[in-house]
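Work through the exercises below with the sequence and the structure open. Try each task before reading its solution.

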Amino acid sequence: MGKKKRNYLLERVLEIMRKKRRGKVLDLGCGDGDYGNSLKNMGFDVLSADIDYDRFKYHKIIPFVRLNIDRELPFPEGEFDYVLFIETIEHIYNPDFVIGQIRRVLKLGGVLILSTPNILNLNSRLRFLFQGSFDFFREPTLDYARVFPGGLQNMHVIPWRYQELEYLLYKNNILVRGVYTDLLKHILKFPWFMLSPMIKLSYHLKERRTTIRNSGFSYKRIHKILLSRELLFGRHLIIVGEKVS
């Protein structure tokens, strides 16, 4: 029997949640349920939800609700202290509606933990330059649908930059409180060493142009995030957001 593959994303999510007070968690798009089960073992009150009943492994341990994420969530307003939305947003076509539903079921001050493939790391940027596709988004959607007509729920359909996610959360009254990653790919430090002078110069010139033109805003804030080690070297993007109203 082969050695079980280490789940760095799960480890990072647990590290983030370990520091938070215990409360009620909705594990939305829970998949096999490993995240929710781990949080239950840490003392959280967990409810798992997904469209795939058979994939879920913890029916005798954790309450499970079968649902379609694209429709209204069958939970009262302000029901949960936390919502986990792990590796799911890249699969859906109506993200604004879904994030709005997440906001509705979160308590005021409740926390959303969201993750998605980090398409802004250097490896993904270089892949797009040479192949026209990002990491985790290599298969053409139409071809995938023809080969796996019953498995479209597993297809990555929308690549998300940090910038769009930040705005999507903001317009739903969820403010970003932290940006993390699961695994730093140290092999990317070599291309960063080679490319960093050009990237930093490009960012500097962009900041300078907006200052000269008096556009009313600065790129410095977003550039600081885009040049962080989480964005440059991280495998997945993890965002922690707080519902503020």
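**Exercise 1.** Among contacts in the chain between residues at least 6 apart in sequence, what percentage join residues at least 24 apart?

Solution. The model is predicted: local features need pLDDT of at least 70, side-chain atom pairs count only at pLDDT 80 or more, and totals for chains, interfaces and linings use all residues. Residues are numbered from 1 along each chain as its sequence is written, and side-chain values use heavy atoms, with hydrogens and water left out. Start with the term: a contact means heavy atoms within 4.5 Å. Of the contacts between residues at least 6 apart in sequence, 69% join residues at least 24 apart.

**Exercise 2.** State how many of the residues are buried, as a percentage.

Solution. Buried means under 20% relative accessible area, with a 1.4 Å probe and protein chains only. By this cut-off, 48% of the 245 residues in the chain are buried.

**Exercise 3.** Describe the surroundings of Thr116.

Solution. Next, take its accessibility: Thr116 has 0% relative accessibility, so it counts as buried. Then list its contacts: leaving aside neighbours within four places in sequence, Thr116 touches Glu87, Ile89, Glu90, Trp160, Leu165, His236 and Leu237. Finally, look at the side chain: that of Thr116 makes a polar contact with the side chain of Glu90, at 2.8 Å. A polar contact is a pair of N or O atoms within 3.5 Å; within protein, one must be able to donate a hydrogen and the other to accept it, and residues adjacent in sequence count only if both atoms are side-chain atoms.

How values were computed. Buried < 20%, exposed > 50% of the residue type's maximum accessible area, 1.4 Å probe, protein only.
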